[in-house]
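Here is a short tour to read with the model open beside you.

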Amino acid sequence: WSGELVGTTETVEATPEVEATPEVEAAPEMGFDTETGKIMQEEPVVTVPKKKGAGKWFLFGGLAAAVAVFLVLILGVVAFAGISNGWFLSKSGKIALATVNTFSDKSHLIENFDVKDVLEAKEYSALVNLTSAENTIDITYASTPDQKQMYGNVAVSEVPNIDFVIGVDDKQLRAQLPVVTDQLFVYNYTEPTTGYIDDNLEQSDIDIINQYLSGIAKSENSFEFQEKLIDAAKDELKKLDFEKASKAKFLVDGKERNCTGYTTTITSEDMISFLNSMEVIYKEEYAKVIDDDGKTVDDMFSSIYDQYSTMPDVQVSVYIYKNKLASISFTSEGATEEVQFLGGDTRTQNMKFLSDGYVIYEVVGTTEGDVEKTILKSGNETIATMNYNFKNGQFDIVGQGEIDLSTNGTITSDRSGLVIIVDKLSMPSEELDMNGQISITKGAELKEFSGSEFNVGSATQEDWMGVLTLFSSVFDF
């Protein structure tokens, strides 16, 4: 996979490789998680120092990254939603179909991580159990239609051995912490608060807490929320006016291929229209919820609108070979960011991420017998290698340079769920060396609660002082 073609009607010379250490230059911006539909932060903008003749250097940051998130969200959710028979005949439909074909053609490893059926089951559990010489983390999340629970044991250096159970249903939050007290903490979030908590919190803050707990209790409906996002994204994709572009040559499956091209321009008005649709859906679901920084949904969308209201136009070009993606690029103000799909056993087995024609990141994949081998490169440097045997499930990942992590073990996946046995997980810079298991499977075991109740909503100041005294005696504060 050494050839470098960047989407012209003529063959060009190999793309120069850049030997430079990426640096974080900008603070994260608010965005959307393209798989879960949840509000999240984008990765920090990364830039590569400019070399003579290298042009304008930036790596999937700023404006182009924002538009990439926009289009990938649209195409990504469409890939999960299917395509109506009539729509795929249009230009936008052909692009959506190519995206579906590209990302549904999965490697064995990616197929194993498809746990959507598990998450859609009425009952499922997620487990993280990791142990080192000094530390143990054993946490289970159990979900049923009637209750969500998190329980387990945490034993880390300088902290007591902690067993805990926390559960939320449609009326109550309950919590047990035996290391502190045998009392059962109960908060009836559907009832008015009357105690010390009512004197020290604004009603608006209490409403936010109650809304959050209610959202957790009914989280089995999260796929309904995603379906709403999917429908809105479909509508936005259909609005984009794609035009036929000149054919261009790209390297696909080891050979130069003539690829069919489509192009459109995304304006700030397009982004605002998309955000308007998203805002309505998010407000219906999370109107009163806040994030860790205290921002509400209104605050988040206000900052996003400010960012995109003055956005310059961005030209999007998509090239397709045999009904799968060959390249997708974003050009704005003289700078171009591009992803090339070089193919192999799957179209995404080999990929390149380019900025102004220079390769920034590269995924190099091969299959040797029963082993899928993947190398992740940054410029000329290998930053991670992974081997996965899809017959016996054994895997190993070795990080280098900027990726300070290595692990190996076994992956097992079937209709009941996904289980990862971690034989070793190490981060040399943190002197971390652990082993254990991570899994997500159908079925859920709920723990029983016991003990005299401590009513959080009606407890007096004296009641709270007694509890805080118990906490301070255990945790030394």
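This is a predicted model: local features need pLDDT of at least 70, side-chain atom pairs count only at pLDDT 80 or more; totals for chains, interfaces and linings use all residues.

Residues are numbered from 1 along each chain as its sequence is written, and side-chain values use heavy atoms, with hydrogens and water left out.

**Nonpolar core**
- The largest nonpolar core has 33 residues, and Phe242, Met278, Val318 and Ile328 have the most contacts inside it.
- Among the elements that each supply at least two residues of this core are helix H2 (91-104), strand S12 (255-266), helix H9 (297-309) and strand S15 (335-341).
- H8 gives the most to this core, with six residues.
- A core here is a set of buried Ala, Val, Leu, Ile, Met, Phe, Trp, Tyr and Cys residues joined through side-chain atoms within 4.5 Å.
- Buried means under 20% relative accessible area, exposed over 50%, and partly exposed in between (1.4 Å probe, protein chains only).
- Helices (H or I, at least four residues) and strands (E, at least two) are DSSP runs, numbered from the N terminus.

**Salt bridges**
- The whole structure holds six salt bridges, each a side-chain nitrogen of Lys or Arg within 4 Å of a carboxyl oxygen of Asp or Glu.
- Asp105 pairs with Lys324, their closest N and O atoms being 2.9 Å apart.
- This pair links distant parts of the chain, 219 residues apart: Asp105 is in the loop between H2 and helix H3 (108-112), and Lys324 is in strand S14.
- Lys106 and Asp114 form another bridge, with the closest N and O atoms 3.3 Å apart.
- Lys116 and Glu120 meet at 2.6 Å, N to O; because they are four residues apart in helix H4 (residues 116-120), about one helical turn separates them.

**Negative surface patch**
- Glu224, Glu227, Asp231 and Asp235 form a negative patch.
- Patch residues have over 30% relative accessible area and no salt bridge, with like charges joined within 9 Å and nonpolar side chains (Val, Leu, Ile, Met, Phe, Trp, Tyr) within 5 Å.
- Asp235 lies in helix H7 (residues 222-239) and counts as partly exposed because its relative accessibility is 42%.

**Positive phi angles**
- Most residues other than glycine have a negative phi.
- Asn323, in the loop between strand S13 (314-321) and strand S14 (324-332), has a positive phi of about 60°.
- Asp356 has a positive phi near 50°, and its relative accessibility of 19% is why Asp356 counts as buried.

Definitions and conventions
Accessible areas come from the Shrake-Rupley method with a 1.4 Å probe; for residues, only the protein chains shown count as cover. Lys and Arg count as positive and Asp and Glu as negative; His and the chain ends are not counted. The place of a charge is taken as NZ of Lys, CZ of Arg, CG of Asp or CD of Glu.
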